[in-house]
Amino acid sequence: MTDRLQEVLTDVDAELRESADWGHVATYIPELARVPLHQLAIAVATADGRLITAGDADTRFSIQSVSKVFALALALGRSGDQLWTRVGREPSGSAFNSIVQLEYERGIPRNPFINAGAIVTTDEILGGRPPREALAELLTFVRTAAGDDAIYINEAVATSEKAHGHRNAALANFLYACGNLKNPPEMTLGTYFHQCAIEMTAKQLALAGRFLIAAPGMPRLVSKARLRRLCAVMLTCGHYDASGDFAFRVGLPGKSGVGGGILAIVPGQASVAVWSPGLNANGNSKLGTEAMERVAARMDWSVF
Ligand code: GLN
């Protein structure tokens, strides 16, 4: 499979570099707005222990909402299924930072991957501890998953998120008002902003996703039963209001971030990370999604 996989990644990278439209980088914070647009990375970690890459796979990027997968895995590990009393597992059909459903749902966010749900998940991880401790545990989780200690939080990105995070602050305050935050909103928010500011390369992200493959020899950080559920939520909710489109086009559980990264899982076979900072209208990586689509089709990877 390896030679074929390398050929596919090299071809897809070369084809997409010819694209006329690379989307638009996120502009809500200066740190993301100044990332050069014309970058593309594909990395695949396979269940038989290989790491195959193409493009800018050694360039660090802000993983942003991809961090919500690691946070959810950690929160479920700490608290078990009672987390589901605080956050649902239905696709929202709304944008990642939507506030409108929260009032109808009485402060129980639709799922852990929209911002409101991720803020609740982070609050669960905090559990009354100082943010530093919770973030250290999350970083340890990610580093252990990747088998690489050189994964850090970009403080400038976290600070900037805080300075521009009025909408997230509104979500956190509303959750608090509904009794669905256990910690002061500013504490949970600060932790959430730091979690989103984790930086990784596509190589590191593909490696960090191996625990979701559920195959012998892969890092065992979560029980197999829970992995199936994590992947189910990725498939149904991982791309916000474009989750159906991603399932239709790619056919794999995936999670995107506004930094342009996407992590997708081929159960039993591979963890796939792509990154291209230009986003489409739904706030998901434009060429990253196209890369996923082409790689999955050519490798005949799908959960269906
Ligand atoms: N930090 C971003 C936010 O909270 C993450 C959103 C995303 O990646 N879609 O707005």
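Reader: Is Val-258 buried or exposed?

Author: Count C-beta atoms, placed from the backbone: 20 or more others within 10 Å of a residue's own means buried, 12 or fewer exposed, in between partly exposed. Val-258 has 23 within 10 Å, so Val-258 is buried. This is a predicted model: local features need pLDDT of at least 70, side-chain atom pairs count only at pLDDT 80 or more, and totals for chains, interfaces and linings use all residues. Residues are numbered from 1 along each chain as its sequence is written.

Reader: Which residues is Val-258 in contact with?

Author: Contact means C-beta atoms, placed from the backbone, within 7 Å. Leaving aside neighbours within four places in sequence, Val-258 contacts Ala-26, Gln-64, Ser-65, Leu-279 and Gly-283.

Reader: Where does UniProt place the feature "binding site"?

Author: UniProt positions use the numbering here, with feature names shortened, and annotations may be inferred rather than shown by experiment. The unreviewed UniProt entry lists Ser-65, Asn-115, Glu-161, Asn-168, Tyr-192, Tyr-240 and Val-258.

Reader: Why does Tyr-192 count as buried?

Author: Tyr-192 has 30 C-beta neighbours inside 10 Å, so it is buried. Its contacts, not counting residues up to four places away in sequence, are Ala-118, Ile-119 and Thr-122.

Reader: How do H5 and H8 meet?

Author: Packed helices are described by the angle and the distance between their axes. Helices here are DSSP runs (H or I, at least four residues), numbered from the N terminus. Asn-115, Ala-116, Ile-119 and Val-120 in H5 meet Asn-168, Leu-171, Ala-172 and Leu-175 in H8.

How values were computed:
Contact = placed C-beta atoms within 7 Å. Helix = DSSP H or I, 4+ residues; strand = E, 2+ residues; numbered from the N terminus.
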